Amino acid sequence: KCREGLTLENAGDYQLGLNFLPKEEAKAQEMRLKELKNGRLAMLAFGGAITQAALTGNGFPWLYAERSCCGAGFGSGLLPARKQFAARSSSGVAMRAEGSGYKMSKSVPFLPVSPALEGYVGEEDGFDPMGFSLAIDIRWLREAELKHGRVAMLATVGWIATDLGMRVPGEAFQVSTIQAHDAMVKFGSMTQMLCWLGYAELFGYLAIIKMMEGETDRVPGDFGLRWLYPKDEQGQYEMQMKELRNGRLAMLAFSGIATAGVLTGKPWPFFALGSEERLDAAPALGSGFALCGGLQQQAVRGSSIAAFAGRSASVPFLPKPKNLEGLVGEEQGFDPIGFAEDVDAKWLREAELKHGRVCMLATVGFFAQQYITFPGFEPTPDALQAVYTAPPSAMATLLFLAGYIESSSYGGKITMLDMFEGGRVPGDFNFG
């Protein structure tokens with residue numbers, strides 16, 4: 001039976017476990033907030049558990065690369081890619097440790113080295129913590145990494161140089177770093193830049209395709225530029241290593257510089273200037289994002305995060321989201337994408353609580369199945385294979401029960417248009 005009096009305050013109330021709910025309203029509100037936060041955490045935790053199990057092939061807690069190379073080891077869920085790269089030349093630093101297991105990464109010492117890095121610059125660092133090289137061709141990955149690193153190095157130097165006062169001659173270019181994108185859009189130069197960059201990218205794309213198809217002996221990132229390039233092999237390797245490391249650093253640096261510039265409203269180095277020396281184009285929170293919109297007259301912002309009014313407590317570089325008033329957890333202001341501005345908050349809270357509760361159960365089950373097995377089920381060390389080893393009748397029963405609960409709980413009203421008719425409270429199944 002649907003309850004009347006639907007409000008945002010009682011969204012997600014399924015009338016389940018009321019005997020365990022504190023009688024005092026303040027403590028009951030605190031428990032609801034705990035459920036909401038734990039549900040959000042569980043959604044992230046379960047996604048991480050699935051990813052970690054697929055990458056390592058080991059069971060919880062996935063801390064050690066102790067499986068032998070013949071068993072389910074690092075990247076066992078990506079075996080075809082691993083076999084593909086196992087046939088590579090064994091020259092250079094050996095990636096596998098002698099005997100069973102893998103050599104641990106030097107840069108990420110608690111993870112094993114990906115064998116796909118063998119023969120590439122930086123292999124001794126063993127840096128591939130996500131294991132991308134086991135699933136995607138290492139040549140494509142290195143090409144992308146070098147390209148992004150080079151662009152980031154140029155962008156970092158350009159941002160700092162602009163903040164220090166260097167400008168291209170012309171009135172249109174006398175703007176700050178934060179204003180630059182919108183000013184160039186307004187000036188009309190962005191179209192030319194995109195066309196010329198696209199023209200250059202066309203040749204880069206052809207070079208990559210020919211390399212991937214084996215029609216050339218080109219190595220990733222090589223465009224034939226040899227100015228100031230060492231002649232000897234050792235010098236070339238050291239130069240390539242410097243470029244790789246500096247590019248990785250520059251990608252992180254530019255992200256930090258752009259973030260600090262927008263948040264503080266100051267030029268580089270951000271912390272060394274007085275509060276009166278500010279970039280006029282630094283966007284006031286909630287007044288539009290100057291990096292992507294048209295040129296706007298921006299208000300000067302305060303000197304600290306606390307000075308902003310209406311800022312999200314959980315995502316302090318974003319404005320406080322709308323339409324969360326009355327919801328549990330509204331004080332945290334967590335809606336970074338702004339879903340509540342376009343979608344009914346009751347529907348969002350219904351979905352969030354449901355996914356959170358399912359993920360809390362799934363996370364516990366994902367860990368517990370390694371130690372507990374129901375009668376009639378086959379023990380499966382790899383949790384990802386449990387769906388294949390379970391009896392067909394059990395899977396059919398599970399799907400039937402899930403479908404029955406999902407459909408009958410709403411009385412046939414399962415769309416956003418009719419789910420809350422009659423005053424139904426989001427998440428209230430009148431159960432328990």
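Guide: A crossing of two helices is called left-handed if the near helix is turned anticlockwise from the far one by less than a right angle, and right-handed if it is turned clockwise. What stands above is a predicted model, in which local features need pLDDT of at least 70 and side-chain atom pairs count only at pLDDT 80 or more, while totals for chains, interfaces and linings use all residues. Residues are numbered from 1 along each chain as its sequence is written, and side-chain values use heavy atoms, with hydrogens and water left out.

Visitor: How many helices and strands does the protein have?

Guide: The protein has nine helices and zero strands, where helices (H or I, at least four residues) and strands (E, at least two) are DSSP runs numbered from the N terminus. Along the sequence this gives the pattern α-α-α-α-α-α-α-α-α.

Visitor: What makes α3 oblique to α6?

Guide: The axes of α3 and α6 come within 7 Å and cross at roughly 50 degrees, where axes are lines fitted to C-alpha atoms, for helices over the stretch in contact, and angles run from 0 to 180 degrees between N-to-C directions. Angles under 35 degrees count as roughly parallel, over 145 as roughly antiparallel, 65 to 115 as roughly perpendicular and the rest as oblique, and therefore α3 is oblique to α6. This crossing of α3 and α6 is left-handed.

Visitor: Which residues of α3 and α6 make the contact?

Guide: Contact means heavy atoms within 4.5 Å, and the residues that make it include Leu146, Met153 and Trp159 of α3 together with Leu244, Met251 and Phe254 of α6. By class, the contact of α3 with α6 has 13 nonpolar, five polar and five charged residues, where Ala, Val, Leu, Ile, Met, Phe, Trp, Tyr, Cys and Pro count as nonpolar, Asp, Glu, Lys and Arg as charged, and the others, Gly among them, as polar.

Visitor: Why is α3 called roughly antiparallel to α5?

Guide: Helix α3 (residues 138–163) and helix α5 (residues 189–212) have axes that come within 11 Å and cross at roughly 155 degrees, and this angle makes α3 roughly antiparallel to α5. The contact is made by Arg139, Trp140, Glu143 and Lys147 of α3 and by Glu201, Ile208, Met211 and Met212 of α5, and these residues divide into four nonpolar, no polar and four charged. The crossing of α3 and α5 is right-handed.

Visitor: How do you know that Leu146 counts as buried?

Guide: Buried means under 20% relative accessible area, exposed over 50%, and partly exposed in between (1.4 Å probe, protein chains only); Leu146 has 10% relative accessibility and therefore counts as buried. Leu146 has its place in helix α3, and, not counting residues up to four places away in sequence, Leu146 touches Pro220, Gly221, Glu243 and Leu244. Pro220 is 74 residues away from Leu146 along the chain, yet their C-alpha atoms are separated by 8.0 Å.

Visitor: Why does Pro319 count as partly exposed?

Guide: Pro319 has 37% relative accessibility, so it counts as partly exposed. Pro319 lies in the loop between α6 and α7, and its C-alpha atom is 8.5 Å from that of Pro336, 17 residues apart from it in sequence.

Visitor: How do you know that the length of α7 agrees with its number of residues?

Guide: The expected span of a helix is 1.5 Å times one less than its number of residues. The 24 residues of helix α7 (residues 345–368) should therefore span 34 Å, and the end C-alpha atoms are 34 Å apart, which agrees.
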